[in-house]
Amino acid sequence: MVINFRPMTESAAEAEAIVQFLTSNSFPFHVTAQHTAESAREAVDSGRFWSEESVGYWILAEDETVGMVVLDDLEEDTPMFDLRLAEACRGRGLGPQILKVLCSLVFEKFPEPVRFEGQTREDNVAMRKTFVRAGFLKEAHYRLGWPTADGTRVASVAYAILRQDWENNETTPLEWDDLEQLSR
């Protein structure tokens with residue numbers, strides 16, 4: 001399947017399309033699981049999808065819009081992303097391919113990044129598997145780092161891919177238990 005990204009433009013029609021997408025889909029593993037028209041418009045008006053540090057893209061699979069992604073922290077050497085697939089497009093195995101093409105976009109278009117990071121909730125097993133299948137490596141597990149809609153908290157899990165790993169199609173291992181080596 002061919003995956004492409006179409007940049008969002010700062011226009012009234014684009015703003016309405018974003019509001020429509022955010023309000024017609026639920027995102028149970030995001031901090032805001034269900035947007036209202038007001039919260040979606042606030043995100044648009046705040047520059048969430050087009051600013052110096054953030055750029056939004058529509059995700060196209062065979063010319064069908066299947067979701068959106070926002071690249072954040074583009075002025076830093078470790079940009080992050082917010083990925084949202086339409087409910088009807090989930091479970092189709094698109095995630096790993098989307099992330100691989102997204103890595104190409106980031107590392108080819110932006111010269112500064114040395115790594116590319118994403119985070120998800122510990123209970124979002126599908127996304128955690130997607131990260132691994134796309135060549136990302138788990139780098140952090142922030143206990144009780146993600147607030148949920150019901151007021152409880154779950155862990156936030158961070159995954160990243162290094163530019164050099166993307167270029168060489170490999171994964172540099174991470175030593176989790178390095179304390180013993182440090183105490184020698």
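Reader: In which sense do E3 and E4 pair, and over how many bridges?
Author: E3 and E4 pair in the antiparallel sense, over six bridges. Strands are DSSP runs of E with at least two residues, helices are runs of H or I with at least four, and both are numbered from the N terminus. Two strands pair if DSSP finds at least two bridges between them. This is a predicted model, in which local features need pLDDT of at least 70, side-chain atom pairs count only at pLDDT 80 or more, and totals for chains, interfaces and linings use all residues. Residues are numbered from 1 along each chain as its sequence is written, and side-chain values use heavy atoms, without hydrogens and water.

Reader: Which residue in E4 is the bridge partner of Gly-67?
Author: The partner of Gly-67 is Leu-85.

Reader: And how many bridges join E2 to E3?
Author: Seven bridges join strand E2 (residues 55–61) to E3, and the two run antiparallel. Val-55, for instance, has Leu-71 in E3 as its bridge partner. E2 and E3 form a hairpin with two residues between them, and Glu-62 in the turn has a positive phi of about 55°.

Reader: Is E3 mostly covered or uncovered?
Author: Mostly covered: seven of the nine residues of E3 are buried, where buried means under 20% relative accessible area, exposed over 50%, and partly exposed in between (1.4 Å probe, protein chains only).

Reader: A change of topic: where is Leu-94?
Author: Leu-94 is in the loop between E4 and helix H3 (95–109). Leu-94 counts as buried because its relative accessibility is 5%.
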